Amino acid sequence: MIHDFPGTTVFVCQADHIRFRVSWRNHGYRPHMLGNYFFFHLVQMKIFAGISIGSDRMGDGVQPVSRLFAVLSPVITLFFPEMLLLFHQEHPAIPVELLEYGSIRASRLVQEETLDLALVNMNFYEIDKLNSYEMLSDQIVFCVSPKHPLASYKEATMEMLKDEPLIMYNTDSVLNTTLQARFDSLRIKPKVLLSASQLYTIHDFVKNQLGGAFLYSSLMENMPGCIGIPVTPLIHQEIGLIWKKGKYINSSVEKYITFTKHYAETKWRNYGASTTDK
């Protein structure tokens, strides 16, 4: 079994300067075009999956560092870099940092107040303990090469995939837990070839006919030369923002929550974004 653990290396883009650790800090700099290009391709390669909002400098006119981890491996490509660039246009004085954790771990860190916010797959059993805003609801498809024996099928069941080499996700992935539970209910032990979170790696394995991958259907536009077969019975997954109930949030984090709601309502209106914050 091959394990592809996502990197947590990040970078700073200040004018023409790039160094490893991500943040647009409150020094009056805006990202250079080359920096944006570099950032975009790092996102496509799934280097990033998280954000922290705030400042690491006290007394500079903004709030102390707050952490938001946008996890969603590899769904991050649906949101970034666009979401980050738009937020920076509206709030250029609020520094933004990107880091990475899986949804399960990130939700625990929110409950422990280590994190203020997390962008996660919302299908975990402790979701009711948190405030949440659903940004997107999507169904899971089985992604294969056009030359794959199942490529012409209209649907794919778990029974059909029992002997297929599969690309799954890392252990703290909510989707991975959902898929494993489906296999377990049928007493099927999946043949896992690769455990990964990088979309680039997954795409490379699929297009070279090394195996098939379970993906959110919205990601298929980022998988050229591949086919997405709906998994049946249907598996729907909700993606959204979470934060702890009853916890004070500073103005920078509050602005990111407000921005996220507006962004989702505009971009994902057809998916029926909803909120359950109290």
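C226 is buried, at 14% relative accessible area. Buried here means under 20% relative accessible area, exposed means over 50%, and partly exposed is in between, with a 1.4 Å probe and protein chains only. C143 is buried too, at 0% relative accessibility.

One caveat before I go on. This is a predicted model, so local features need pLDDT of at least 70, side-chain atom pairs count only at pLDDT 80 or more, and totals for chains, interfaces and linings use all residues. Residues are numbered from 1 along each chain as its sequence is written, and side-chain values use heavy atoms, with hydrogens and water left out.

Back to the cysteines. How many disulfides are there? By the rule of two cysteine sulfur atoms within 2.5 Å, the count is zero. C143 is in no disulfide, and the nearest cysteine sulfur, that of C226, is 4.2 Å away. As a reminder, a disulfide is a covalent bond between the sulfur atoms of two cysteines.

Now the backbone. The peptide bond from T232 to P233 is cis. Omega is near -10°. P233 is in the loop between strand 12 (227-230) and strand 13 (236-244). For these elements, helices are DSSP runs of H or I with at least four residues, strands are runs of E with at least two, and numbering starts at the N terminus.

Next, positive phi. E113 has a phi of about 70°, although it is not a glycine. Where is E113? In the loop between helix 4 (103-111) and strand 7 (117-121). E113 is partly exposed, with a relative accessible area of 45%.

R187 also has a positive phi, about 55°, and is not a glycine. R187 is in the loop between helix 5 (174-185) and strand 10 (191-195). Is R187 buried or exposed? Exposed, with a relative accessible area of 81%.

Last, the whole chain. It has seven helices and 14 strands. There are 278 residues, and 54% of them count as buried. The accessible surface is about 12900 Å². Of that, 53% belongs to carbon and sulfur atoms. Those areas come from the Shrake-Rupley method with a 1.4 Å probe; for residues, only the protein chains shown count as cover.

And contacts, meaning heavy atoms within 4.5 Å. Take those between residues at least 6 apart in sequence. Of these, 75% join residues at least 24 apart.
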